[in-house]
Amino acid sequence: MLQTLGQALKNADLRKRILFTILVFAVFKLMTFITVPLVDKDVLRRLFTNNNFNFGIFNVLTGNALENFSIIALGISPYITASIVIQLLQMDIIPILKEWSEEGETGRQKLNQLTRYVALALAFLQALVLSIGFDNFGGTLGSIFDVVDVKPIMYVYVAIVITAGTGILLWLSDQITLKGIGNGSSMIIVAGIISGVPYMMRDLLLTYTGSGTGIREWSILTATIVMLILVIVGVIYIQNATRKVPIHYANRPQSLPARRDSHLPIKLNPSGVIPVIFATSLMSLPLVFSQFFKNPTAVRWLNNIFNVREPIGFVLMLILIYAFSFFYAFVQVNPEKVAENLKKQGSYIPGIRPGKETENYLSGILMRTTVAGATFLAVVQALPIVLGWIIPSLPNSVQIGGTSLLIIVGVAQETYKQIETQIQQRKYTGFIK
């Protein structure tokens, strides 16, 4: 890995791409500190301090921009939601979208354009709700807006500003994809998560180091660091694990025996981190909106059901992870379509008849691998919560596992593979010349 990174830095084109990506990261982080115009920062700060706001995964993915009520308070999450919705609607739900998905590059451009329109519409609606909620929850602290009379037009203005911020992030992510390294949307998310790592390490060291630190504190600190390393290694291993289904090609000549056999790789976790993002988002939304309610009974009721640190919320989160894992796995790997493609190519699985039997066989394999993958996701997501129960003194910012780690590891692996591929292409180009 170090050798590959060294070769990447020696490559002038890759070096420019890496520096460009870092520059975009700096611009993104700077934007997280730019508060929406006409917002009273002192009231906003007291609002979070007095009411102990916790926006969960939303604040993490935006690099604390939501907590700062920044112009990019929503981050790139509206685009992620829109992408998933458009992808799901292509499954025979909206015929025109399915037709576009089968039109090649032209259809892909149409889907990308539609996804951006949907993302901006979602961003406007979310920003409108967010601005109204923040203002109404101010209570005795007063309005967060630094104006005498807050009118509905003010909420629309704030929503437009935040929507524009989301549009700028979409443009920056496109620039990373074109001129930088990795997938732009994924890299923007990782930038927001990584920006919180220094705060996590600071809280961890301040809690368990100092003049009055004893053996117990040093033991917790050491165990936390060791466990974090082990979890990262485990995530990397599981994310790369695949089940290889043997494939034979009946229409290839006997003179090429090495090319007659191949395999169909089915990842142990084909849905990636999407189930965790879906589950945590659904669990966080009621809690976010409950903080804008003035009815203590309703707030307490929602907290008991949707707070993942409560027993009911914890179990509900695990159920959602399993449900989304199975749903999205069969979206990513469609056994019916795979069986049909194998039949068209004149290939088959040894001992399995082409057609319906192949489809059932692949469905069975996918069910078993998804159980293992969903269990892995559930364990990683539940680990920081369980550790919080076992070690109450562990700071909330310290996350050993969880959605953030899954996203960082997944994006890092894909980015590394892209760098490795570009280095190899560079070598082949030089050889041909």
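Guide: Contact here means heavy atoms within 4.5 Å. Keep in mind that this is a predicted model.

Visitor: With which residues is Thr163 in contact, leaving aside its neighbours within four places in sequence?

Guide: Thr163 is in contact with Leu120, Ala123 and Phe124. Thr163 itself has its place in helix H8.

Visitor: Why is Thr163 called buried?

Guide: Its relative accessible area is 13%, and buried means under 20%. Because 13% falls under that cut-off, Thr163 counts as buried.

Visitor: What makes H8 roughly perpendicular to H9?

Guide: The axes of H8 (residues 152-179) and H9 (residues 184-194) cross at roughly 115° and come within 7 Å. Angles of 65 to 115 degrees count as roughly perpendicular, so H8 is roughly perpendicular to H9. The crossing is right-handed.

Visitor: Which residues meet where H8 and H9 are in contact?

Guide: From H8 come Leu169, Ser173, Ile176 and Thr177, and they meet Gly184, Ser185, Met187 and Ile188 in H9. This set holds four nonpolar residues, four polar and no charged.

Visitor: Which residues touch the most other members of the largest nonpolar core?

Guide: That core has 75 residues, and the ones touching the most other members are Val36, Phe69, Val235, Leu406 and Ile407. Helix H8 gives the most to this core, with 10 residues. As for Val235, leaving aside neighbours within four places in sequence, its contacts are Phe376, Val380, Leu405, Leu406 and Val409.

Visitor: How many residues are in the second, separate core?

Guide: The second core has 12 residues, including Ile247, Tyr249, Ala329 and Ile365.

Methods:
Residues numbered from 1 in each chain as written. Predicted model: local features only at pLDDT ≥ 70, side-chain atom pairs only at ≥ 80, totals over all residues. Heavy atoms only, no water. Axes fitted to C-alpha atoms, helices over the stretch in contact; angles between N-to-C directions. Helix = DSSP H or I, 4+ residues; strand = E, 2+ residues; numbered from the N terminus. Parallel < 35°, antiparallel > 145°, perpendicular 65-115°, else oblique. Left-handed = near helix turned anticlockwise from the far one by under 90°. Nonpolar A, V, L, I, M, F, W, Y, C, P; charged D, E, K, R; others polar. Core = buried A, V, L, I, M, F, W, Y, C linked by side-chain atoms within 4.5 Å. Buried < 20%, exposed > 50% of the residue type's maximum accessible area, 1.4 Å probe, protein only.
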